[in-house]
Amino acid sequence: MSDIPYKVYLSEKEIPTQWYNVRADMKNKPAPLVNPGTGEPMKVDELFPVFCEELCRQEMDNETPYIDIPQEIQDFYKMYRPSPLVRAYCLEKALDTPAHIYYKFEGNNTSGSHKLNSAIAQAYYAKKQGLKGVTTETGAGQWGTALSMACAYLGLDCQVYMVKVSYEQKPFRREVMRTYGAKVTPSPSMETNIGRAINEQYPGTTGSLGCAISEAVEAATSQEGYRYVLGSVLNQVLLHQSVIGLEAKAALDKVGVKADMIIGCAGGGSNLGGLISPFVGQMLRGEADYDIIAVEPASCPSLTRGSYVYDFCDTGKVCPLAKMYTLGSGYIPAPNHAGGLRYHGMSPVISQLYDDKLISARSVKQTEVFEAAEMFARVEGILPAPESSHAIRVAIDEALKCKETGEEKNILFGLTGTGYFDMVAYQQYNDGTMSDYVPTDEEIAASLAQCPKF
Ligand SMILES: *Cc1c(COP(=O)(O)O)cnc(C)c1O
């Protein structure tokens, strides 16, 4: 056994005081957001009616490598950060692998995921702008919970449009949000024009993330003193999530370990982007090399089977267009249980890094993901979120490859959250009734055909 502890903790003083903006080091910048009306790149002030001003500036800033984290946000981070970097000795032993496995655990707060890192930042800038409140969507519920916590802390109103299927499947998530003072509405609702239109067009629909986004944007722009905030995909969210990677790198440096492989699950790409940012920065500056893998569900395979084109970010087509790996904004994935990974598109930063072959991607099926989740829960003790378990699956697969080859690779993966609210999914897995859905090429092609043409 090596002398590396089970948990590598940083001290409170070592929590990052600046976010790292990987765009500053990218030679090929992520493509700009485009105004769907004019076909021209969005100007920063065109975004102001929808988003908070400081966040718009962060969204557009492709040049500044380090951005100071305001003191109030640093103080909030101290309540639940630094998050531990864990050496998965028990998993290594169970797999009988020579690989060294590390995970950065972001589930150690009530929202149960990394999303709080950006929620507090976005709520802070809304408050600083003097707004009354914010609106948002939530799929699985983690983002809505995180934002409710941040808004409660800062005394902001919080309105959450929750995808109807989750609203019904996860009543306790909803109650956590309400406990933190949020107003939670199942989407599609009858409260917005877009919600009414979608309900009319698709009677009985259980909703989608893209549809809830449209409703939340409409709610923000139709109420005085409100703006819309988004929990993933945007450049600003990846920026805030860079605390994950900065801490992970500092902890590894502290014990003199260099990762060979970095693995993260990818829904909209924010935790992955945050985890890999400082490492990709080194790659871009020619200082080091890493093997980076984005893991997505086989039922919603934006990177592995989508196209890199301009597309709408939401079903109602009210948001700007983003160039990203997408399955088409009308793609409604089969109801798999990793709700946080069911978005049709992907962060423009991650998309560009993938297109430039700086990172690779893999898709995995739901049942194999839950096999990995079960093993991880039994040997490492933590009950993982289904989303996070995508990364666990690939970390296990890679560690088993090392067993074949005898390589002592250092594998780092992001354990983004806990799965206490995902018991319907675990129940199906335990009952043996879970199924795998993989879309056909025809289904994906039909959805992609609906992307706007440029
Ligand atoms: C939201 C979520 C994800 C996926 O979102 P990204 O923006 O891709 O990081 C992954 N894991 C958990 C636990 C989540 O809540």
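Predicted model: local features only at pLDDT ≥ 70, side-chain atom pairs only at ≥ 80, totals over all residues.
Seven strands make up an open sheet with mixed pairing. Their order across the sheet is β1-β4-β5-β15-β10-β11-β14. At the edges are β1 (7-8) and β14 (360-364), each of which pairs on one side only.

Within this order, β5 (residues 100-105) lies beside β15 (residues 410-415). These two strands run in the parallel sense and are joined by six bridges. One example of a bridge pairs isoleucine 101 with isoleucine 411 of β15.

## Helices on the sheet

Helix α11 covers residues 235-254 and packs on the sheet. The strands touched by α11 are β1, β4 (85-87), β5 and β15. The direction of α11 makes about 140 degrees with that of β5.

Helix α16, residues 386-405, also packs on the sheet. The contacts of α16 are with β5, β10 (261-265), β11 (291-297), β14 and β15. Between the directions of α16 and β10 the angle is about 150 degrees.

## The nonpolar cores

The largest nonpolar core contains 79 residues. Trp19, Ile73, Tyr77, Ile262, Ile276 and Leu412 have the most contacts inside it. Why does this core lie between domain 1 and domain 2? Domain 1 (7-14 + 82-112 + 242-448) and domain 2 (48-68 + 114-228) both contribute residues to the core, so it lies between them.

Leucine 412 belongs to this core. Leaving aside residues up to four places away in sequence, leucine 412 touches residues including Leu85, Tyr102, Ala248, Ile262 and Phe279. Another core, of 33 residues, lies apart from the largest one. Among its residues are Ile293, Cys402, Phe413 and Tyr426.

Technical notes:
Residues numbered from 1 in each chain as written. Heavy atoms only, no water. Pairing = 2+ DSSP bridges. Helix = DSSP H or I, 4+ residues; strand = E, 2+ residues; numbered from the N terminus. Contact = heavy atoms within 4.5 Å. Axes fitted to C-alpha atoms, helices over the stretch in contact; angles between N-to-C directions. Core = buried A, V, L, I, M, F, W, Y, C linked by side-chain atoms within 4.5 Å. Buried < 20%, exposed > 50% of the residue type's maximum accessible area, 1.4 Å probe, protein only. Domains from an automatic or database assignment.
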